[in-house]
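Thank you all for coming. Please have a look at the sequence and the model on the screen before I start.

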Amino acid sequence: MTKNIALVVGATGIAGSNLSKLLTEKEWTVFGLSRNQKNDIEGLLPIAANLLEEESLALALENVSPTHVFFTTWMRNDTEEENIRINSAMIRNLLNVLSNKKTVKHVSLVTGLKHYLGPFDAYAKAGTLPETPLREEMPRLDLPNFYYAQEDEVYQAAERDGFSWNVHRPHTLIGKTIGNAMNMGTTLAVYASICKYEGLPLIWPGSQAQWEGISDVTDAKILAEQIVWAASTTKAQNEAFNIANGDVFRWKWLWPQIAKWFEIDFEGYSDKIKPLDALLSQKQPIWTAIVKENKLVENDLNKLASAWHTDLDLGRPLEVMTDMWKSRELGFSSYKSTRDSFFELFDELRKSEIIP
């Protein structure tokens, strides 16, 4: 058998780092492409390249001929039009560079639930709210959405080059990484640590609908398992899959348990949304004091907390959960307790001296 050679694009992010670890454990040859070569994954072969510069990308990949491409990254821009232009170009440039090699058998793309909810600048607007649970067969929204543009680049290249593909749509990802643009678990861990330091309760920042409604999340390890399963299972290829832990919960059930883990009091939803972004933007001096007192490894609060994204998730005006019938029917059976996802992350952050 020809050895599987993976190119993980975005190897330092939540999705990419967990996927890279799983692939190396399965004895794949794994190249990790990111904007810098820094990584701490044993066995990963790092490549630094700019996806927006096709010539330099070709040079960086000159001696790399992957059989599988896993695209797990994106670049945030000021408008959805710019999101579409930039993020579609990143995929197009990469697949154009790899096309002449004629080695790519499969491409996996990680997007998310904005496929159903709409883009950031039109996020969950009245009139675009879908019926839940979200199902893969739901049609695209009549709104500009960079996820659609990314998918279309993959579909067009697949038709041209003859490879199979998968699209994976996780809910909020829970996992360890630093500097990620969408990182609810670490954001809440940092917020709770600040509350504990200041002697304050953990105050729910989101909407009543999210507090009381049913939700789910996606452990980054579960996402990695589904990506590898789909890429390795012929009957699962050329499909888009939702991916979540497999359980559902209400935040009013989980929030007190997070507070208890940090040994602090909590407050639930009262009368209005209380955004974390506005709160944490004033807490850098407090975090600096916490870092100094506990000899932690990262002083820059902005590298740890992505409060803007946590506010979007927790401030939604509807409950959000996903249906996973399609991958379950085809044989994907991995499951993860959401409470364990959060608590295992908190343990890992503490052991890594990221939180006290």
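With which residue does the side chain of His115 make a polar contact? The partner is the side chain of Arg169, at 3.3 Å, where a polar contact is a pair of N or O atoms within 3.5 Å, one able to donate a hydrogen and the other to accept it, and residues adjacent in sequence count only if both atoms are side-chain atoms. This is a predicted model, in which local features need pLDDT of at least 70 and side-chain atom pairs count only at pLDDT 80 or more, while totals for chains, interfaces and linings use all residues. Residues are numbered from 1 along each chain as its sequence is written, and side-chain values use heavy atoms, with hydrogens and water left out.

His115 sits in helix 4, residues 114-117 (helices are DSSP runs of H or I, at least four residues, numbered from the N terminus), and is buried at a relative accessible area of 3%; buried means under 20%, exposed over 50% and partly exposed in between, with a 1.4 Å probe and protein chains only.

Finally, the backbone: a cis peptide bond joins Thr132 and Pro133, with omega about 5°. Lys102, although not a glycine, has a positive phi of about 60°, and this residue is exposed, at 74% relative accessibility.

Conventions: Helices (H or I, at least four residues) and strands (E, at least two) are DSSP runs, numbered from the N terminus.
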